[in-house]
Amino acid sequence: MISERIPPSESEAASSARSWPEGLHIRAESPADAEAITALQNMPGYRAGTMRMPYPREKDVKSQIENRSGEVVSLVAVQEGIIVASAGFTRFSGRRIHAAIMGIGVHDDYTGRGIGRALMSELLEVADNWMNIRRLELTVFTDNVPAIRLYERAGFEIEGTLRSFGFRNGEYADAYSMARIRC
């Protein structure tokens, strides 16, 4: 038996958006966001959760945005006129076209406010209902407990530990490989 997903009603969609932090707006990133995204990537807390090097250049960030393929979904969260988070996923190709790798990063001063949860809900909506992504995967440093909780609440499971995964703050750090498989 094939089960169909019934699209949410307008009231259900509005209810989902109402559960976001007040005044939060989520949209696709654009080249005009390069300066704000560069500033976001330069924040110590934001960068600590990623594999990014310090001091990205705005022109490089803008070039990455301008040259994204159609298999990339890149979103920003805006609150009070400030880009407070970014998130996205990249679909694989060939025999892994059913899978994508994703990531979320939140402004150091805006963590713990539900912004990551709101971005996660939007990414899952696009992955599940527009791109038919069956497997979403990510890596997360083992000491990033708030992110791990967010991912687990969204249905991600730890598949393994990647020892000495990345060099951060002068030492090697472990990460979890996590995935969510939609049946």
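Q: Where is Asn169 found?
A: Helices (H or I, at least four residues) and strands (E, at least two) are DSSP runs, numbered from the N terminus. Asn169 is found in the loop between β6 and β7 (171–181). This is a predicted model: local features need pLDDT of at least 70, side-chain atom pairs count only at pLDDT 80 or more, and totals for chains, interfaces and linings use all residues. Residues are numbered from 1 along each chain as its sequence is written, and side-chain values use heavy atoms, with hydrogens and water left out.

Q: Is Asn169 buried or exposed?
A: Buried means under 20% relative accessible area, exposed over 50%, and partly exposed in between (1.4 Å probe, protein chains only). Asn169 has a relative accessible area of 73%, so it is exposed.

Q: What is the phi of Asn169?
A: Most residues other than glycine have a negative phi. Asn169 is not a glycine, yet its phi is positive, about 55 degrees. Ser164 also has a positive phi, near 50 degrees. Ser164 lies in strand β6. It is partly exposed, at 46% relative accessible area.

Q: Which side chain does the side chain of Arg168 make a polar contact with?
A: A polar contact is a pair of N or O atoms within 3.5 Å; within protein, one must be able to donate a hydrogen and the other to accept it, and residues adjacent in sequence count only if both atoms are side-chain atoms. For Arg168 the partner is the side chain of Asp143, at 2.7 Å. Arg168 is in strand β6. Its relative accessibility is 17%, so it counts as buried.

Q: Which residues does Arg168 touch?
A: Contact means heavy atoms within 4.5 Å. Not counting residues up to four places away in sequence, Arg168 touches Ala48, Phe141, Asp143 and Ala173.

Q: Where does His107 lie, and what does its side chain reach?
A: His107 lies in the loop between β4 (99–106) and α5 (115–129). Its side chain reaches the backbone nitrogen of Asp109 at 2.9 Å. His107 counts as buried because its relative accessibility is 9%. Neighbours within four places in sequence aside, His107 is in contact with Leu40, Met43, Tyr46, Ile83 and Val84.

Q: Which residues of helix α2 are buried?
A: In α2 (residues 34–41), they are Ala34, Ile37, Thr38, Leu40 and Gln41. An arc is that of the directions from the helix axis to the C-beta atoms. Here the buried residues fall within an arc of 160 degrees seen down the axis of α2, so they line one face of the helix. Their cover includes α3, α4 (58–66), β2 (72–79), β3 (82–91) and β4.

Q: What volume does the second largest pocket have?
A: On a 1 Å grid over the protein atoms alone, a pocket is an open set of points where a 1.4 Å probe fits, with protein on both sides within 12 Å along at least five of seven lines; lining residues have an atom within 4 Å of a point. Grid points are joined across faces, edges and corners, and a volume is the space filled by probe spheres set on the points. The second largest pocket has about 250 Å³. Of its 14 lining residues, Arg47, Arg52, Phe167, Arg168 and Asn169 are the closest to its centre. Elements giving two or more residues to this lining are α3 (44–48) and β6 (157–168).
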